[in-house]
Amino acid sequence: MLGQVIELIEKHERFAITSHIRPDGDSLGSSLALCWILRGLKKDAEVIMCDHVPHAYRKLPGAEDVRVVKDIDRSYDAVFVIECSDVDRPGLPSLKDQFVVNIDHHSTTALFGDLNWIDSTAAAVGEMIYNLAKAIGSKISSEIASCVYAALLTDTGSFHFSNTTERTFKIASELVRHGAQPAKLSQAIFYNYPYAKVRLVGAVLSTLQRDETGRIAWIKMSKDAMSQTGATEDDSDGIINYPLTVGDVEAVAFFRELPNDTYRISLRSKNRVNVARVAEQFGGGGHANAAGFTIKANFETLSSEVIEKLKDAVAQAPAANGREIKPR
Ligand code: 5GP
Ligand code: MN
């Protein structure tokens, strides 16, 4: 499938790259890296997203050129869609009328593209983009190296999760050789928070609760917590990992209150607890250890239903050997 992607790039000129709503480190790092690769090959390429670049990723090379759009508004020979479970995830309605190249590392992704290049062994789509760069003969510039490194760094949870393999470190080592600066990138992504974000962490963690077994924990972000701390919804990213740092906790739910009685729920788990199955029951999706959904509901009813489903998921999980964690 990589061969067909290379052939497509070689035969055409005008490309767009997009990814899912509320882009993260892998979706942005991989999209920007692919854009640098295409421009290096003298192709006309741009990254378009329906949401703005979150604060944490604004220092990635090329981030300032990401064009925020409501829909596809130019003509392209092909649109690359990075790490999306379905054709609606980018939030660009006319995408379905384009020639779409679906590039993903999630085994559950729908084969919605005209070309589908899926590699569920890749720790991040960044690994696939790096392989593409080498296969097509791109010079690995420091921009490409930095963007791919950011994708690997974030999707492996700073090389903590079980998707981190020998290959991940081998690629990371090559990226450093090509100019990626680990400390500088970690600083830009993880040590550059707005003050309001850290205050929000405090407010949200003060809502922490757990069930009687101590294996399930949940937190809630109210609209008031955001307005009182001056934080934005973006600032809530990553807070869900704190409850997961409790040794006994195996599954976490994070309820974010949105306007109109709507909640966005993130789920995370350790070991072999499958939270994607839980998210699917509420109309969402994701991976076994990181999933989510958005729903209009009464909070008390919703939270007790989600906690019950998480209890089922923990009870059904095969016993773990050690503490495997594999979000994203
Ligand atoms: P997060 O909690 O970081 O928003 O999302 C975690 C994972 O769940 C990501 O892989 C994301 O794609 C997936 N996810 C979150 N919300 C939804 C949703 O509404 N639908 C689907 N299909 N996946 C989701
Ligand atoms: Mn990813």
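Visitor: Which element gives the most to the shell around ligand 1?
Guide: S12 does, with 4 residues. Strands are DSSP runs of E, at least two residues, numbered from the N terminus. This is a predicted model: local features need pLDDT of at least 70, side-chain atom pairs need 80 or more, and totals for chains, interfaces and linings use all residues. Residues count from 1 along each chain as written, chains are lettered from A and ligands numbered from 1 in written order, and side-chain values use heavy atoms, without hydrogens or water.

Visitor: How many residues surround ligand 1?
Guide: A residue is near if a heavy atom lies within 4 Å. Here 15 residues surround ligand 1. Among the closest are Arg-89, Ser-266 and His-287. The shell holds 3 nonpolar, 7 polar (Gly counts here) and 5 charged residues (Asp, Glu, Lys, Arg).

Visitor: Which polar atoms lie by the oxygen atoms of ligand 1?
Guide: Look for polar contacts, pairs of N or O atoms within 3.5 Å. A side-chain atom of Ser-266 is 2.6 Å from a ligand oxygen. For His-287, a side-chain atom lies 3.2 Å from an oxygen. A ligand nitrogen is 3.3 Å from a polar backbone atom of Gly-285.

How values were computed:
Polar contact = N/O pair within 3.5 Å; in protein donor to acceptor, adjacent residues only side chain to side chain.
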